Amino acid sequence: MSGITGVADTRQVLADRQPPLDPALTLVAQDAHVTYRVYEDRRVGLQELVSRGGKLRASRAIKAVKGVSFEARAGEVIGVIGANGSGKSTLLQAMAGLLPCTDGAIYARSQPVILGVGAALQPLLSGRRNVELGLLALGASQEQVEEQFDEVVEFSGLEDSIDLPLRTYSSGMKARLHFAIATSIKPDLLLIDEALAVGDADFRVRSEERIRALQAHAGTVFIVSHRLSEIQRTCTRVLWLCAGELAADGAPGEVLAKYREWVGRPRNRPPRQQREQRRRWRRRRRRRRQERRLERRRQRRQRLQAEG
């Protein structure tokens, strides 16, 4: 494998680390933060428009990942668990380079391959053409594409549908095809975001066997899943994210026990950020109701003046 690469001059950054860089490291997250801005899609009253200085759409910053740090090594299969909205998919996208870190950094020894239910396959092309383009995009030569094509199709189990347009495939069929393409080249870093959850039982068994083969190949695999039994069976290590922060990092049995205990509580009090968001939402709702009442009164006065 080549040296670790990232958005900065990582050779110098990692050379300054003490102790010296472990050659088995494949990915390093150093106090990674990911914040993005979302815009509200609703009508804005005149009073609110004036108070904003003419801005038509309100926006707010979402801190999806907050200060996450860990190191991944060759041969590890790392599960990523957490409740919905805890930042799991955002973290994987940042690891793949699809989202920038607003603070801190994530460094990878090679380009990660991300595999998700919403993977970027071409719906108007046939499964055959998607396999060819996918292998070429992963760096395979034309000769390698011809050699690996039959193996990819056989693993996906889509021999009878390979010449049909991808838009006719179910979500499970798409996931099987993309997993077969992504793992055919034995990537050093494979990121799986809920893709195995949509497959059938036979596909999950074969995909777990493929993951173990990648592990033996000294690759590193990250799996985001809500199936705790799958995480327990497949992974050698688990990261638990809670409200964007790393709540636990360790052996699957230990971390899953803590997570199950947390989930099983009668009422988990929402994190402070969520409570603040709910208060802001209630304040905006009250303000919108007041604006609508004022607008109705203004329109009523205008009608009375027009009639008088």
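**Close-up views of a predicted model**

**View 1. The crossing of helices α5 and α6.** In this predicted model, the axes of helix α5 (residues 142-156) and helix α6 (residues 171-183) come within 8 Å and cross at roughly 140 degrees, where axes are lines fitted to C-alpha atoms over the stretch in contact and angles run from 0 to 180 degrees between N-to-C directions. The two helices are therefore oblique to each other (angles under 35 degrees count as roughly parallel, over 145 as roughly antiparallel, 65 to 115 as roughly perpendicular and the rest as oblique). From α5, the residues V152, F155 and S156 meet R176, L177, F179, A180 and I181 of α6, contact meaning heavy atoms within 4.5 Å. By class, this contact of α5 with α6 has six nonpolar, one polar and one charged residues.

**View 2. Two residues with positive phi.** Most residues other than glycine have a negative phi. D31, which lies in strand β1 (residues 25-39), has a positive phi near 45 degrees, and its relative accessibility of 37% makes it partly exposed (buried means under 20% relative accessible area, exposed over 50%, partly exposed in between, with a 1.4 Å probe and protein chains only). A243, found in the loop between β8 (237-242) and β9 (245-250), has a positive phi near 55 degrees and counts as buried at 16% relative accessibility.

**Notes.** Residues are numbered from 1 along each chain as its sequence is written. Local features need pLDDT of at least 70 and side-chain atom pairs count only at pLDDT 80 or more, while totals for chains, interfaces and linings use all residues, and side-chain values use heavy atoms, leaving out hydrogens and water.

Technical notes: Helix = DSSP H or I, 4+ residues; strand = E, 2+ residues; numbered from the N terminus. Nonpolar A, V, L, I, M, F, W, Y, C, P; charged D, E, K, R; others polar.
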